[in-house]
Amino acid sequence: MMRWFSRAVLAGVLAALGIWCWHTWFPSPEKAIRKRLKELAQLASFASNEAPVARLFNCEKLTTLFTSDVKIELDATGWQQTLSGHDQLFQAAMVVRQRFGGFSVDFIDIDITLGPERQSAITDLTAKGKMAGEKDLLVEELRFSLKKVKGMWLINRVETVKTLR
Amino acid sequence: MGTSREQLKPSSWWRIVLIGRRPDFTLLRILILTIFSLIIFNFVLLPIRIQRVSMEPNYKDRGINFVNRLAYLFHEPRRGDVVAIRFSGPHAMLLKRIVGLPGETIGFHAGQLLINGRVMPEPYVKLPCDWEMDALKIAADEYYVVGDNRSMAWADHKQGRASRDQILGKILL
């Protein structure tokens, strides 16, 4: 009886380990997209004391999260910006990092809708940003379109969603 | 004998203050209160911290308030209600006042609110306003919301039509 019990426990542990490994190595599209957006938030955030080399490296790395034909259309209150492609994105990221003394962004309330073929996705989320030294948060609703390119989820469009029309 | 005397000895005052006369009941009360608070403050009364000045002077920047999510259980939102409007989810919201109801036409002329072409008195607006906006039709499932601080520049003030499902609840205080 004891032997059977220990075998059952071992089988249960192995099954749980197998499921965990499967989810880690082969994450669901939703999980992979969330991870990608978390990476984006981390790379878009920067401290005031970011070293020039780190700044360059992080801006370059930031562009790798996007497709080469990415289009970004931001229309926040009193501020508009349209960017196309990696070069413009890289330049804009560098300018922002040089101009402002620190910024942190976080994505909350992420809602992912996968395309029928599970190779594309639309993600609605709320971006909560804070400039260093500012007391107020910047809050905007954004829509990300993502595409699966060579097994990786890349962002190919970002646009501001008008919460109030 | 000695043991029973110790049992009869009254507990020290600090112990009574901290854990009560019956620690097991105190623990149960704490547990019930915790569960009750978690349910109330996660699903019924959402605590919020107001940021920015779009609702001044009635709702101050940095003020604390609550969103009553059950307010519209038995009736639809009404004109004058201060409501919380969600972004993509309930963890960030806009605090605005409903001024236009579904099906109405709304506009602003010389800072005055026009509903279906008529001036609508707004006692809650205490700051001067010079806004101009052409008449706009509100759809059947939409509400027009705006802040109380009309002294802000038009371009800096978030306002517009919100669908019914975007309205999370009514402000409690």
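1. Helix α3 of chain B (residues 23–44) has 22 residues, which should span 32 Å at 1.5 Å a residue; its end C-alpha atoms are 30 Å apart, which agrees. The expected span is 1.5 Å times one less than the number of residues. Helices (H or I, at least four residues) and strands (E, at least two) are DSSP runs, numbered from the N terminus. This is a predicted model: local features need pLDDT of at least 70, side-chain atom pairs count only at pLDDT 80 or more, and totals for chains, interfaces and linings use all residues. Residues are numbered from 1 along each chain as its sequence is written, chains are lettered from A and ligands numbered from 1 in the order in which they are written, and side-chain values use heavy atoms, with hydrogens and water left out.

2. Which residues of α3(B) are buried? They are T26(B), I40(B) and V44(B). Buried means under 20% relative accessible area, exposed over 50%, and partly exposed in between (1.4 Å probe, protein chains only). Seen down the axis, the buried residues of α3(B) fall within an arc of 95°, so they line one face of the helix. The arc is that of the directions from the helix axis to the C-beta atoms. On the other side of α3(B), L27(B), L31(B) and F43(B) are exposed. Cover for the buried residues includes α2 (13–19), β1 (45–49) and β2 (64–68) of chain B. Contact here means heavy atoms within 4.5 Å.

3. Chain B as a whole has three helices and 11 strands. The C-alpha trace of chain B spans about 90 × 30 × 25 Å along its principal axes.

4. Of the 173 residues in chain B, 37% are buried. Among contacts in chain B with a separation of 6 or more, 54% are between residues 24 or more positions apart. Chain B exposes about 10,700 Å², and carbon and sulfur atoms supply 62% of it. Accessible areas come from the Shrake-Rupley method with a 1.4 Å probe; for residues, only the protein chains shown count as cover.

5. R21(B) sits in the loop between α2 and α3 and, at 72% relative accessibility, counts as exposed. The C-alpha atoms of R21(B) and H91(B) are separated by 41 Å, with the two residues 70 apart along the chain. In the loop between β1 and β2 of chain B lies P57(B). A cis peptide bond joins E56(B) to P57(B), with omega about 0°. R62(B) is also in the loop between β1 and β2. Phi of R62(B) is near 75°, positive in a residue other than glycine. Most residues other than glycine have a negative phi, and most peptide bonds are trans.

6. In chain A, helix α3 (residues 52–63) has 12 residues and reaches 17 Å from its first C-alpha to its last, close to the 16 Å expected. R55(A), N58(A), C59(A), L62(A) and T63(A) are buried in this helix. They cover an arc of only 140° around the axis, which puts them on the same side of α3(A). V53(A) and F57(A), on the other side, are exposed. The buried residues pack against α2 (29–44), β1 (66–76) and α4 (85–99) of chain A.

7. The largest nonpolar core has 33 residues; L37(A), L40(A), F66(A), F107(A), L125(A) and F144(A) touch the most other members. Such a core is a set of buried Ala, Val, Leu, Ile, Met, Phe, Trp, Tyr and Cys residues joined through side-chain atoms within 4.5 Å. The largest share of this core, six residues, comes from α2(A). Apart from it lies another core, of 15 residues, among them L164(A), F87(B), I98(B) and Y143(B).

8. S145(A) is in strand β5 and, at 13% relative accessibility, counts as buried. K150(A) lies in the loop between β5 and β6 and, at 85%, counts as exposed. Phi of K150(A) is near 50°, a positive value in a residue other than glycine.
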